[in-house]
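Hi,

Here is the structure I promised to pass on. Could you open it and follow along with the notes below?

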Amino acid sequence: MCQPDEVSSAVSSPPVCVLGLGLIGGSLLRAAAATGRQAWGYNRSSQAVEAAVADGFDASTDLTATLRRAADTDALVVIAVPMPAVGSILEAVAEHAPDVALTDVVSIKAEVAAAIAAHGLSRRFVGGHPMAGTAESGWTAGTADLFRDAVWVVTVDDGTDPEVWRQVADLALDCGSVVVPAESREHDAAVARVSHLPHLLAEALALSGAGGGDLALGLAAGSFRDGTRVAATAPALVDAMCEGNAEALLVALDETLEVLGTAREQLADRSTSELTRAGHAARTRYEQRRRDPIVGAQPGDEGWIETFREAGRRGGVWTR
């Protein structure tokens, strides 16, 4: 349920058009509608659209009509499809709604920004990435509360339109998220470590458990369950994330393999203390992180893009 301040902010907020009604897009359509905004969505699958309509939401399988409606109402259009499908969506946007304010919720940012540029849509594009999700997928897995208290990255690349940046940040805040500004390539390097690498490690851990046979799986408890949770994600979705961010992910993976290699050598000498103490300290740092609000700068101020980037590097957040 939306909060009173969310309802009031929605009065002057643009409509929201969500392209893709899977877990993230479907949750976004629900969350945007819950704030009182006019919101509608598109999905190629009629099954997802029928389910959304049955749940009381405005959805269609007609991409052209959906985009023309967005253009006519000056809606904020959100691309919420996996990276392999982004190109075909952008072709339609370029043809039917080239001047709309545009954002996305794809888990990699530099490749999306490059695709946006290739289709001539950079002028009113600001990238986004809500750091939220579950191992499930599809419309039925969505919930309006998925983004509450989650970090939502809003990109600050060169040439970012401050008006569109505010629109994207306001949508994230209306959905209950914490807005962190970041440059696209810096975002990709960061999520390779904290989002994409964990998927690979979860898959490897799941294989290790299965390799122990039914006894090992029968004894598996919380640490195995938590460590392999994201291995339940549809493989095609994981492939799209990891392959789309291969360059940054390879750096993180190589570092981790080096850490594990060293740990193996030390374990052969009957010691794990170096890894466990360093890992414990790193986890403690995560738990004690601060989120200081960005002060003294507004979108559109002179030098605001670099100011916001630096604030994001320090863990700073944007608030209205």
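His199 sits in helix 8. Keep in mind as you read that this is a predicted model.

Is His199 buried or exposed? With a relative accessible area of 8%, under the 20% cut-off, His199 counts as buried. Apart from its neighbours within four places in sequence, His199 is in contact with Val230, Thr233, Val238 and Met241. Two of those partners, Val238 and Met241, belong to helix 11. Cys242 is another residue of helix 11 to look at: 43 residues separate it from His199 in sequence, and the C-alpha to C-alpha distance is 8.4 Å.

Start with helix 8 (residues 184-211) and helix 11 (residues 235-244), whose axes come within 9 Å and cross at roughly 130°. Helix 8 and helix 11 are therefore oblique to each other, and their crossing is left-handed. On the helix 8 side the contact is made by His196, His199, Leu200 and Glu203, which meet Val238, Met241 and Cys242 of helix 11. By type, the residues of this contact are four nonpolar, two polar and one charged.

Helix 8 also packs against helix 12 (residues 246-268). Here the axes come within 8 Å, with a crossing angle of roughly 60°, so this pair is oblique as well. What is the hand of the crossing where helix 8 passes helix 12? It is right-handed. From helix 8, Asp188, Ala189, Ala192, Arg193, His196, Leu197, Leu200 and Leu201 take part, and they meet Ala248, Leu249, Val251, Ala252, Leu253, Glu255 and Thr256 in helix 12. The residues of the contact divide into ten nonpolar, two polar and three charged. If you compare the contact lists, you'll find His196 and Leu200 in the one with helix 11 and again in the one with helix 12.

**Helix 4 and helix 5**

Elsewhere in the chain, the axes of helix 4 (residues 63-73) and helix 5 (residues 83-96) come within 9 Å and cross at roughly 50°. That makes helix 4 oblique to helix 5, in a right-handed crossing. Leu63, Thr64, Leu67, Arg68 and Ala71 from helix 4 meet Ile89, Ala92, Val93 and His96 from helix 5. Six residues of this contact are nonpolar, two polar and one charged.

**Helix 14**

Last one: which residues of helix 14 (residues 304-313) are buried? They are Trp304, Ile305, Phe308, Arg309, Ala311 and Gly312. Looking down the axis of helix 14, you'll see these buried residues fall within an arc of 165°, so they line one face of the helix. Among the elements that cover them are helix 7 (162-174) and strand 8 (178-182). Just after helix 14 comes Gly315, with a positive phi of about 90°.

Cheers

Note on methods
Residues numbered from 1 in each chain as written. Predicted model: local features only at pLDDT ≥ 70, side-chain atom pairs only at ≥ 80, totals over all residues. Heavy atoms only, no water. Buried < 20%, exposed > 50% of the residue type's maximum accessible area, 1.4 Å probe, protein only. Helix = DSSP H or I, 4+ residues; strand = E, 2+ residues; numbered from the N terminus. Arc of directions from axis to C-beta. Contact = heavy atoms within 4.5 Å. Axes fitted to C-alpha atoms, helices over the stretch in contact; angles between N-to-C directions. Parallel < 35°, antiparallel > 145°, perpendicular 65-115°, else oblique. Left-handed = near helix turned anticlockwise from the far one by under 90°. Nonpolar A, V, L, I, M, F, W, Y, C, P; charged D, E, K, R; others polar.
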